[in-house]
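Open the model in your viewer and keep the sequence panel beside it. This tour goes stop by stop, with something to select at each one.

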Amino acid sequence: MTPALIWLIVGVGLIVAEVLSGDLVLLMLGLGALAGAASATITGNPIVDVAVFGVASIGLLVLARPALKRRFLSGPSVKTNTEALVGAHAVTLSTVDSHGGQVKLAGDVWSARSLTEGQVIEPGTKVTVVEISGATAVVSAEP
């Protein structure tokens, strides 16, 4: 087997193994091995091939891997739990004032209170959830 073919097999093997690890280290080493395969095809000098592999692998590990990890880990933030309810629409089931009441929110009955002191929201009114305070939805009447 020629050295270029060996480098190619090692590179593809490392890239395939990356699927199991998911840490991007084997991917960077696999890409370095592919650079070594290219070098072996062009130069045929094993010392140069190993040097190309080393420089490419270290360069990718130091420069590309941190940037890729930041990019993958900082995906779109998904609101969950009570954060997902802020901004949602609800319907009042009973009179809601600054002291209490009930709304139907996301298919469940929630304790609620109005956002502004003295505001009274009649039953059947559509409201918007402004915040969740404990187990109470703080709501504001929709215009």
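Which residues does UniProt list for "domain: NfeD-like C-terminal"? The record, an unreviewed entry, gives residues 83-139. Before going on, note that this is a predicted model.

**Stop 1**

Select residues 83-139. This span is 0% helix and 47% strand. Its end C-alpha atoms lie 14 Å apart.

Now colour by domain. The domain assignment gives domain 1 as 3-73 and domain 2 as 83-141. How many Å separate the centres of domain 1 and domain 2? The answer is 57 Å, taken over C-alpha atoms.

**Stop 2**

Select alanine 106. It sits in the loop between strand 2 (102-105) and strand 3 (108-114). Check its backbone: phi is positive, about 55°, although alanine 106 is not a glycine. Is alanine 106 buried or exposed? It counts as exposed, because its relative accessibility is 60% and the cut-off for exposed is over 50%.

**Stop 3**

Jump to leucine 24, in the loop between helix 1 and helix 2. Its phi is near 70°, again a positive value in a residue other than glycine. Leucine 24 is buried, with a relative accessible area of 11%.

Arginine 65 is in contact with Asp23, Leu24, Val25, Met28 and Leu60, leaving aside its neighbours within four places in sequence. Look at where the side chain goes. It reaches the backbone oxygen of aspartate 23 at 3.0 Å.

**Stop 4: helix 2**

Select residues 25-42, which are helix 2. Helix 2 has 18 residues. From first C-alpha to last it reaches 26 Å, close to the 26 Å expected at 1.5 Å a residue. Its buried residues include Gly30, Gly32, Ala33 and Ala37. What do the buried residues of helix 2 pack against? They pack against helix 1 and helix 3.

Zoom in on glycine 36, in helix 2. Its relative accessible area is 0%, so it is buried. Show its contacts: glycine 36 touches Trp7, Asp49 and Val52, not counting residues up to four places away in sequence.

Next, select serine 39, also placed in helix 2. Serine 39 is buried too, because its relative accessible area is 7% and the cut-off is under 20%. Draw the line from serine 39 to aspartate 49. A polar contact of 2.8 Å joins their side chains.

After helix 2 comes glycine 44. Its phi is positive, near 75°.

**Stop 5: helix 3**

Select residues 46-73, which form helix 3. It has 28 residues and reaches 38 Å from its first C-alpha to its last, close to the 40 Å expected at 1.5 Å a residue. Start at its N-terminal end. Asparagine 45 caps it: a side-chain oxygen lies 3.1 Å from the backbone nitrogen of isoleucine 47.

Which residues can you pick out as buried in helix 3? Asp49, Ser57 and Arg65 are buried there. The buried residues of helix 3 pack against helix 1 (3-21) and helix 2 (25-42).

For contrast, select isoleucine 58, also found in helix 3. At 56% relative accessibility, it counts as exposed. Its C-alpha atom is separated by 8.2 Å from that of methionine 28, 30 residues away along the chain.

Move along to alanine 64. Helix 3 bends by about 40° here. A proline, proline 66, follows within four residues.

**Stop 6: an annotated stretch**

Conventions. Residues numbered from 1 in each chain as written. Predicted model: local features only at pLDDT ≥ 70, side-chain atom pairs only at ≥ 80, totals over all residues. Heavy atoms only, no water. Helix = DSSP H or I, 4+ residues; strand = E, 2+ residues; numbered from the N terminus. Expected span 1.5 Å × (residues − 1). Bend = angle between axes of the 7 residues up to and from the residue. Buried < 20%, exposed > 50% of the residue type's maximum accessible area, 1.4 Å probe, protein only. Contact = heavy atoms within 4.5 Å. Polar contact = N/O pair within 3.5 Å; in protein donor to acceptor, adjacent residues only side chain to side chain. Domains from an automatic or database assignment. UniProt positions renumbered as here; feature names shortened; annotations may be inferred.
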